[in-house]
Amino acid sequence: MKIILTNFFTPVILIILIFQNTLQNLFTPFKYTDEILGVLFLGLITFCIFQGMKIQKREIIYLLLILSCLVLGMLGNYIFKYQTSLFIVFSDFISTFKMFFIWIGARYFLNLFSVRDLKRTVNILVPICNVYSLLMLTYAVLNVFVDVNMSYDIRYGIRSFAFFYGTPGLVINQVSYFILLLVAKEKYFKRSQIPMLIVNSFIVLLTLRSRGIVLILVFWVLYYYFIFLKKKSIKKSLIPIVLVSLYAGYSQFVHYFLEGVTPRQRFVVGAVQIVKEHLPLGSGFATWGSSAAADNYSVLYYQYGISQAWGMSPDLKLFLNDNYWPMIFAQFGIIGAVLFSSLFVFFIYDITKQIKFNSYSRLIGYFYIIDVVFGSVQSSYPAHYSIVTLTLLLAMFFTNFNNSSVYRKTI
């Protein structure tokens with residue numbers, strides 16, 4: 001069973017996750033791959049707990065915070081009855097917390113793998129991803145000079161690259177997987193992957209998105225210090241990156257949330273009203289800003305005028321789930337938002353505890369943290385299906401990069 005899982009199913013599952021952007025357009029059920037994986041990992045965690053496997057302190061903290069948010073969210077559903085379907089509530093619960101389920105469940109799941117298994121998986125995936133990257137690069141360059149119907153808008157006088165996904169953010173998400181896989185191949189096989197890393201960096205830059213530009217800047221600074229200079233810490237050197245990230249994040253936050261009337265600004269204003277009117281609880285799961293609230297069109301969108309905005313109506317749901325923290329505050333209320341924020345901060349802290357083991361762990365760990373934190377301010381990235389793939393890859397490579405019995409006890 002272990003051989004079938006590690007040699008066949010895992011590469012196939014990862015291919016499905018990596019190319020979910022494309023596959024879900026061809027066959028609708030692929031749209032739920034990330035949520036199915038979230039349910040499976042939650043089931044794995046539950047099974048291992050009931051089987052008497054020793055629970056670590058860090059896992060207790062995760063589970064208590066998640067359970068607290070679940071109770072508060074469901075209380076909002078029960079009291080205010082904006083969403084009463086248990087199935088829809090459960091699907092939103094999984095969508096909101098799947099990133100944490102993947103990270104917690106990694107310890108149980110990855111006990112099945114050896115470094116040799118991961119090397120084999122990387123050897124299968126990297127050539128496939130490289131071919132895809134070169135295809136994307138070809139269209140990205142063409143898009144600059146010729147309108148190939150693969151742009152989202154025009155910035156700095158240049159067409160932004162969105163491939164055939166319709167939005168540049170999905171390009172950035174997918175290329176992030178490729179970057180982690182290339183780093184893994186360089187680590188496992190001791191062969192430089194710089195040429196393809198440059199190719200993928202160029203693709204991200206051509207999306208002309210601040211998040212992508214910051215990510216690429218972060219990656220190459222981290223790569224330079226950790227891989228070339230072999231430094232164990234770059235805290236002082238990270239200061240310019242943090243400042244640039246904060247500036248870019250703040251300017252984007254002001255643009256999307258505070259200047260004029262934008263979809264994200266509407267969610268902020270609505271979240272503030274919901275928090276005030278539903279103290280101390282929130283409106284409950286699947287009611288504000290989440291994918292479940294969009295798919296099942298929350299009644300609150302009528303109540304707070306969201307349904308009247310272009311791209312946010314029941315018939316045109318373009319901008320209904322492109323936010324993160326407004327969703328958290330509205331659905332969980334003040335108390336729930338504080339608990340969820342504590343969970344989010346602990347998650348980042350937990351990752352930093354595993355960064356210290358070697359250069360490649362530091363590289364992908366800091367890269368992941370910047371990506372998630374910046375994405376949470378700017379969009380709904382931590383609740384997007386892409387985060388499942390990135391978190392799973394991070395957990396897999398952390399376990400084997402560190403190759404430490406101490407580490408295996410802590411993740």
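Lys98 is buried, with a relative accessible area of 1%. The model described here is predicted. Lys98 belongs to helix α5, and its side chain is in polar contact with the side chain of Asp34 at 2.5 Å. Leaving aside residues up to four places away in sequence, Lys98 touches Asp34, Glu35, Gly38, Ala383, His384, Tyr385 and Val388.

**Aromatic pairs**

A pair of aromatic rings is described by the distance of the centres and the angle of the planes. The model contains 47 aromatic pairs. Two of the pairs are set out below.

| Pair | Arrangement | Centre to centre | Angle between planes |
|---|---|---|---|
| Phe27 and Phe30 | edge-to-face | 5.8 Å | 75° |
| Phe97 and Phe100 | tilted | 6.2 Å | 50° |

The angle of 75° for Phe27 and Phe30 is over 60 degrees, and therefore this pair counts as edge-to-face.

**Charges over rings**

Where does the charged end of Lys81 sit? This charged end is placed over the ring of Tyr78, at 4.6 Å from the ring centre. Arg211 lies over the face of Tyr381, with a distance of 4.2 Å from the ring centre.

How values were computed. Residues numbered from 1 in each chain as written. Predicted model: local features only at pLDDT ≥ 70, side-chain atom pairs only at ≥ 80, totals over all residues. Heavy atoms only, no water. Phe/Tyr/Trp six-rings, centres within 6.5 Å; stacked < 30°, edge-to-face > 60°. Lys NZ or Arg CZ within 6 Å of the ring centre and 35° of its normal. Helix = DSSP H or I, 4+ residues; strand = E, 2+ residues; numbered from the N terminus. Buried < 20%, exposed > 50% of the residue type's maximum accessible area, 1.4 Å probe, protein only. Polar contact = N/O pair within 3.5 Å; in protein donor to acceptor, adjacent residues only side chain to side chain. Contact = heavy atoms within 4.5 Å.
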